[in-house]
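This report describes a few residues of one protein chain and the pairs that their side chains form. Please look over the structure before reading on.

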Amino acid sequence: YHPSLEKKPQIVVLNKIDLPEVRSRAPQVRERLQRMGHRLALISGQTGEGIDELMDTVTDALESIGVE
């Protein structure tokens, strides 16, 4: 861990959103992470749900630090 990592955009990904127990907890997880200053992406590797949004979020984060 290097202290400079704190200054880089961070995206937390919650997988398995296709499972009801994960989906039901997602709002609580999102709220807690937002208070910490993190973005949360919800995805399902099985169904592909949220993958496009995750890629958009990653693209935006890279553009914000000047990576093309």
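A polar contact is a pair of N or O atoms within 3.5 Å; within protein, one atom must be able to donate a hydrogen and the other to accept it, and residues adjacent in sequence count only if both atoms are side-chain atoms. The model is predicted, so local features need pLDDT of at least 70 and side-chain atom pairs count only at pLDDT 80 or more, while totals for chains, interfaces and linings use all residues. Residues are numbered from 1 along each chain as its sequence is written, and side-chain values use heavy atoms, with hydrogens and water left out.

**Ser 44 and its surroundings**

The side chains of Ser 44 and Asp 18 are joined by a polar contact of 2.8 Å. A polar atom of the Ser 44 side chain also lies 3.0 Å from the backbone nitrogen of Thr 47. Ser 44 sits in the loop between strand 2 (39-42) and helix 2 (51-64); helices (H or I, at least four residues) and strands (E, at least two) are DSSP runs, numbered from the N terminus. With a relative accessible area of 0%, Ser 44 is buried. Buried means under 20% relative accessible area, exposed over 50%, and partly exposed in between (1.4 Å probe, protein chains only).

Contact means heavy atoms within 4.5 Å. Neighbours within four places in sequence aside, the residues in contact with Ser 44 include Lys 16, Asp 18 and Glu 49. Lys 16 belongs to the loop between strand 1 (11-14) and helix 1 (20-35). Its phi is near 70°, a positive value in a residue other than glycine.

**Salt bridges**

Side chains of opposite charge can pair when their charged atoms come close. A salt bridge is a side-chain nitrogen of Lys or Arg within 4 Å of a carboxyl oxygen of Asp or Glu. By this rule there are 2 salt bridges.

| Salt bridge | N to O distance |
|---|---|
| Arg 23 and Glu 49 | 2.8 Å |
| Glu 31 and Arg 35 | 3.0 Å |

Arg 23 lies in helix 1 and Glu 49 in the loop between strand 2 and helix 2, so this pair ties together parts that are 26 residues apart in sequence. Arg 23 is partly exposed, at 40% relative accessible area, and Glu 49 is partly exposed at 35%.

Glu 31 and Arg 35 are 4 residues apart in helix 1, which means that about one helical turn separates them. Glu 31 is partly exposed at 47% relative accessibility, whereas Arg 35 is exposed at 59%.
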